[in-house]
Amino acid sequence: MCEPLSEPTSRRTMLGAMTATAAAAVALPLLGAEPATAATNTGSAPSATGLTVTLLGTNGGPPPLATRYGISSALTVNGRTYVIDCGRGAVTQYLRAGLSMPSLAGIFLTHLHADHIVDYYSFPLLSAGASGAQGFQNPIEVYGPGPAGIASTVTGAPGPVPGTVEMTRLAGQAYAASPTFFMTEHAGIDPANLLHVHDVLPPSGAGASATNSAPAMTPFTVMENDDMKVTAVLVPHGAVFPAYAYRFDTDHGSVVFSGDTAPTPNIITLAAHADVLVHEALYPAGLASLGLPQALIDHITSTHTDVAQLGRIAAESNAGTLLATHLGPGQQTVVSDPTWRRLLRDSARRADFGGPMVLGTDLLHLPVRRRGPRG
């Protein structure tokens, strides 16, 4: 359960010291020396102690693929699991990764595009009242973007675009038949009772709005509990507002998730001295072979981050390891894994970034440990 920013002083001191000294992930690098512990693509569960990043799905964009699941990641801290974004197949991949439903402690949504939320309500809907390791019985904390403050243009949905709280309420109404039938037969509970949902709103002094979606800003606190402190910044992603990147600081290390974003100084600020920076990656040249209209290609390239920029972003933030995910295009027949690895190597070399550059793949487990500062 989350406490309202009431950590003991000793823990705050420890978190502050971690940020000051920095920390590093141990990963299978594309550059540099052999690591002590490598990233693995297995279904074995992360350790009950320490910190592990698990990529549940690595595809960028809504169109479904046969070879990559939708964008979703998990962070396991001291045996408790937090999911970041819930793309297509997130529930299935969560279980395939060896993660247990009873360990689920929270969900964080970076923004409300379909490819990041389509499996969100599946977690409580499928797990409500399920026994044993099949479900979770204790409510989990959910954090996601608040209302955009703009009118909806969807047919039959008058009024403003909903934020995470209202979206969750509407999802509960849309799927009301199933839990009603189950509860009538004493075989389930209301999925809404398994969620404590919070709208994440930018600080009032940030000057952010749908027309000024990602002004330069200092990271602000989203939540803090016994496992971690979570901070966020706004990131630019076309018409989307709010869109966030999140940083998780724990006793074992720090991990930043960029969400979907065009290049922005806000990521550099948030990811300063982070152990692992999990960042989206776009290869613009790969889009041409998909037969997309040029206007759509131009939109995609203006709202995402070219893989060629990742080395610079990692170097300027002094991150320990960069982990590339939300790969676009995600089709291996269009951009092969060896090509992605070459692109990451080239990006790191041009920016003189000496840390590991890891290509994200579905079900990859990345153990994280603190590091000393890098020059």
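# Strand β5 and its surroundings

Strand β5 is joined by 4 bridges to strand β6 (residues 104-108), and the two strands run parallel; strands are taken as DSSP runs of E of at least two residues and helices as runs of H or I of at least four residues, numbered from the N terminus, and two strands pair if DSSP finds at least two bridges between them. The chain crosses from β5 through α2 to β6, and this β-α-β crossover is right-handed, a term which applies if, with the strands pointing away from the viewer, the path from the first strand over the helix to the second runs clockwise. The model is predicted, so local features are reported at pLDDT of at least 70 and side-chain atom pairs only at pLDDT 80 or more, whereas totals for chains, interfaces and linings use all residues. Residues are numbered from 1 along each chain as its sequence is written, and side-chain values use heavy atoms, with hydrogens and water left out.

Strand β5 also pairs with β4 (residues 72-77), to which 5 bridges join it in antiparallel fashion. Residue Y82 of β5 stands opposite L75, and Y82 also stands opposite G106 in β6. The hairpin of β4 and β5 has 2 residues between the strands, and N78 in this hairpin takes a positive phi near 55°. Because 4 of the 5 residues of β5 are buried, the strand is largely enclosed by the rest of the structure; buried means under 20% relative accessible area, exposed over 50%, and partly exposed in between, with a 1.4 Å probe and protein chains only.

The loop between β5 (80-84) and α2 (90-96) holds D85. Phi of D85 is near 70°, a positive value in a residue other than glycine. D85 counts as buried, at 4% relative accessibility.

D85 is among the contacts of H116, a residue for which the list, leaving aside neighbours within four places in sequence, also includes I71, C86, G87, D260 and H326; contact here means heavy atoms within 4.5 Å. H116 is found in helix α3 (residues 114-117) and is buried, with a relative accessible area of 1%. Its side chain makes a polar contact with the side chain of H326 (3.5 Å). Such a contact is a pair of N or O atoms within 3.5 Å; within protein, one must be able to donate a hydrogen and the other to accept it, and residues adjacent in sequence count only if both atoms are side-chain atoms.

Elsewhere, two loops contain cis peptide bonds. One joins G328 and P329, with omega about -5°, and P329 lies in the loop between β14 (321-328) and α11 (337-351). Another joins F241 and P242, with omega about -10°; P242 lies in the loop between β10 (229-234) and β11 (244-250). A further positive phi in a residue other than glycine, near 70°, belongs to L363. L363 is placed in the loop between β15 (357-359) and β16 (364-369) and counts as buried at 11% relative accessibility.

Helix α9 (residues 294-303) has the buried residues I297, I300 and T303. They lie on the same side of α9 because they cover an arc of only 145° around the axis, the arc being that of the directions from the helix axis to the C-beta atoms. The face turned away from this buried side carries the exposed residues Q294 and A295. Among the elements covering the buried residues of α9 are β13 (276-282) and α8 (284-287).
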